[in-house]
Amino acid sequence: MKHTTRKAVGLALTSLTGLAAFVIVAVIAIILLDVVRGGAANVSWAFLTQPPTDGMMGGGIFPAIFGTAALTLLMTLAVMPVGVLTALYLHEYAPPDSRMARWVRVAVANLAGVPSVVFGLFGLGFFILFVGKGLDRALGYEEMHWAQPGILWAALTLAVLTLPVVIVSTEEALRAVPLDHRTASLALGATQSQTLVRVVLPGALPGILTGAVLAISRGAGEVAPILFTGAAYFLPDLPTHLNSQFMHLGYHTYVLATQSPDVEATRPLLYATVLVLLMLTFALNLVAVIIRSRTRRKAASAGH
Amino acid sequence: MPLQSPSPRNKMEARELTLRYGSKVAIRTISLAIPEHQVTALIGPSGCGKSTFLRSLNRMNDLIPGTHHTGTILLDGTSIHDRALDVVDLRRRVGMVFQKSNPFPKSIFENVAYGLRVGGLKDKAALSARVEKSLRGAALWDEVKDRLDESALGLSGGQQQRLCIARAMAVEPEVLLMDEPASALDPIATAKIEELIHELKSTYTIAIVTHNMQQAARVSDRTAFFYMGELVECGPTEQIFTNPREKRTEDYVTGKFG
């Protein structure tokens, strides 16, 4: 290659990669600018604390905020024990050449690739029609009690969806606990379970918490899995029972965007709702980043 | 008439110990005694099996998948692989200090108290007393007594290693195994550790792996020379260094190879 051609190729590659990187930043910037410009003026205390009114062309989004929070909390309570225990089995107890562990890992990887709407259908078919109906029959309910969409089933469906996030990040956190600490503990006459509880889990905790926050921020924004399993179109009452339906920020956004009789009237509300949803997700991601950088600093100071 | 024992009894003893990692032989038919209240130094070039031998004495090799052994190791005349002896109890009686200091990311106090806590000791006064005794024993008390609640990771390298020795001593083992405990330390910290080893042998039986010839000569009563997974020669340290029976030992201690 001639000198000039080489130079030209280098220049082309530099600009091409730079341009690609710039497009990402530009897209995020445009979304943020647009949402903030359209929504900031409409996010008020009243908007955050009142239910929607006037056929969803007025009022606020409090039931949707509450529903999202309650749903996410229930999801976290369900996904963390199962996810952490699975990761503990995979990393601490399964023998290194375990066929079972290999199958679990394949299953987890595939679970992460399933489209979220499929999880919604799975939740409807498994939790509501199978588990719910079975419960109703077993408990002797005459009318539908558990065999209907409700916040518990939606939370469990989301828990299945976020399970891979928790398992993968917990396993990573366990891997990051230095082998030195384990051997030191065992050499002092600790049993394997004492070592796990007193050394490994405390060392892995920040990483596990990061996984929890990532799962929450993923779960809080998903709409498809809760469409058939519990989210309500319009429901000013807050959910009071595990089988209550609920409003949800993501679903509310979809409803406002597609179902309004007067697009101009709902537009400000739509912008404001999206802004709240985005801020919530960003805040959760920020928490995850902070936890992670703290852990890293701790690990760095332990290195010398 | 008092019994005069010309040589102390053997606290631990390996008999024809062979250990394999998979199909690779790491140590071959080693028979070696560790006399009570003495310091036994294990020397030899890298990969000669001295660390593997040391780690066999408290069954730390069990943690590496694919290891298996033949032969016996006795502690006070009982096989350490005996079903009646739990590996957890073995490790409380035979403590270990590692090459790289490895304090837990906990406070200084909690590091030393760790072995006691997992052993079930809960009484605060008793814990404090044992922690102080161990830190004094490891010649670290005066340096850390005012900051027991601070992280152990804030200590210097030499202090961390003495903390690990204190931590191992806190459970009051009968034998202390030391795997190159001073190899990562500066000369002053090393001198402190060596001084400590001198003091400890009245209470403990010590086996120490070292790369450092002078260190073996300074701290040990007996020296065992390992080469290519075999025990070449073992005897009083002075004899090994001044008048070895084997040519290979002489070549090694005089620095002709290694």
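The model is a predicted one. Helix α1 of chain B covers residues 50-57. Seven of its eight residues are buried, so the helix is largely enclosed by the rest of the structure. The buried set consists of Lys50(B), Thr52(B), Phe53(B), Leu54(B), Arg55(B), Ser56(B) and Leu57(B).

Chain A is divided into two domains. Domain 1 spans residues 1-42, and domain 2 spans residues 45-302. Their centres, taken over C-alpha atoms, are separated by 33 Å. Nine residues of domain 1 and eight residues of domain 2 take part in the contact between them. About 700 Å² is buried between the two domains of chain A, and carbon and sulfur atoms give 79% of this area. On the domain 1 side, Leu32(A), Val35(A) and Asn42(A) supply 60% of the buried area, more than any other three residues. Zero salt bridges are found across this domain interface. One residue pair is in polar contact there. The side of domain 1 that touches domain 2 has five nonpolar, three polar and one charged residues.

The interface between chains A and B was examined next. Chain A brings 18 residues to the contact, and chain B brings 22 residues. The buried area is about 1800 Å², of which 64% comes from carbon and sulfur atoms. In chain A, the residues that lose the most area to chain B are Ala187(A), Leu188(A) and Arg198(A). Together these three account for 35% of what the chain A side buries. One salt bridge crosses the interface of chain A and chain B. In this bridge the side chain of Asp180(A) meets that of Lys100(B), at 3.2 Å from N to O. Six residue pairs are in polar contact between the two chains. On the chain A side, the elements that give two or more residues are α7 (179-187), α8 (192-221) and α11 (263-302). Helix α7(A) gives the most, with seven residues. By class, the chain A side divides into seven nonpolar, nine polar and two charged residues.

Within chain A, His248(A) occupies the loop between α9 (224-227) and α10 (249-258). Its relative accessibility is 0%, so His248(A) counts as buried. A polar atom of the His248(A) side chain lies 3.4 Å from the backbone oxygen of Ala220(A). Ala220(A) is also among the contacts of His248(A) beyond its neighbours within four places in sequence.

Over all chains, the whole structure holds 27 salt bridges. One of them joins the side chains of Glu171(A) and Arg175(A), at 3.7 Å from N to O. Both residues belong to helix α6 (residues 151-175) of chain A. They are four residues apart, about one turn of the helix. An α-helix has 3.6 residues a turn, so residues three or four places apart point the same way. The two partners have opposite labels for accessibility. Glu171(A) counts as buried because its relative accessibility is 6%, whereas Arg175(A), at 51%, counts as exposed.

Chain B has salt bridges between parts separated in sequence. Arg9(B) pairs with Asp76(B), with the closest N and O atoms 3.0 Å apart. Arg9(B) lies in the segment before β1 (10-21), and Asp76(B) lies in the loop between β4 (67-75) and β5 (78-79), so the pair ties together parts that are 67 residues apart in sequence. Arg9(B) is partly exposed, at 44% relative accessibility. Asp76(B) is also partly exposed, with a relative accessible area of 30%.

A further bridge in chain B joins Lys201(B) and Asp221(B), whose closest N and O atoms are 2.9 Å apart. Lys201(B) is in the loop between α7 (187-200) and β8 (205-209) of chain B. Asp221(B) is in the loop between α8 (213-219) and β9 (222-227), and the two residues are 20 residues apart. Asp221(B) counts as partly exposed, at 26% relative accessibility. Elsewhere, salt bridges with shared partners join Arg9(B), Lys11(B), Glu36(B), Asp76(B), Arg93(B) and Glu174(B) into one network.

Methods. Residues numbered from 1 in each chain as written. Chains lettered and ligands numbered in written order. Predicted model: local features only at pLDDT ≥ 70, side-chain atom pairs only at ≥ 80, totals over all residues. Heavy atoms only, no water. Buried < 20%, exposed > 50% of the residue type's maximum accessible area, 1.4 Å probe, protein only. Polar contact = N/O pair within 3.5 Å; in protein donor to acceptor, adjacent residues only side chain to side chain. Contact = heavy atoms within 4.5 Å. Domains from an automatic or database assignment. Buried area = accessible area lost by both parts, 1.4 Å probe. Salt bridge = Lys/Arg side-chain N within 4 Å of Asp/Glu carboxyl O. Nonpolar A, V, L, I, M, F, W, Y, C, P; charged D, E, K, R; others polar.
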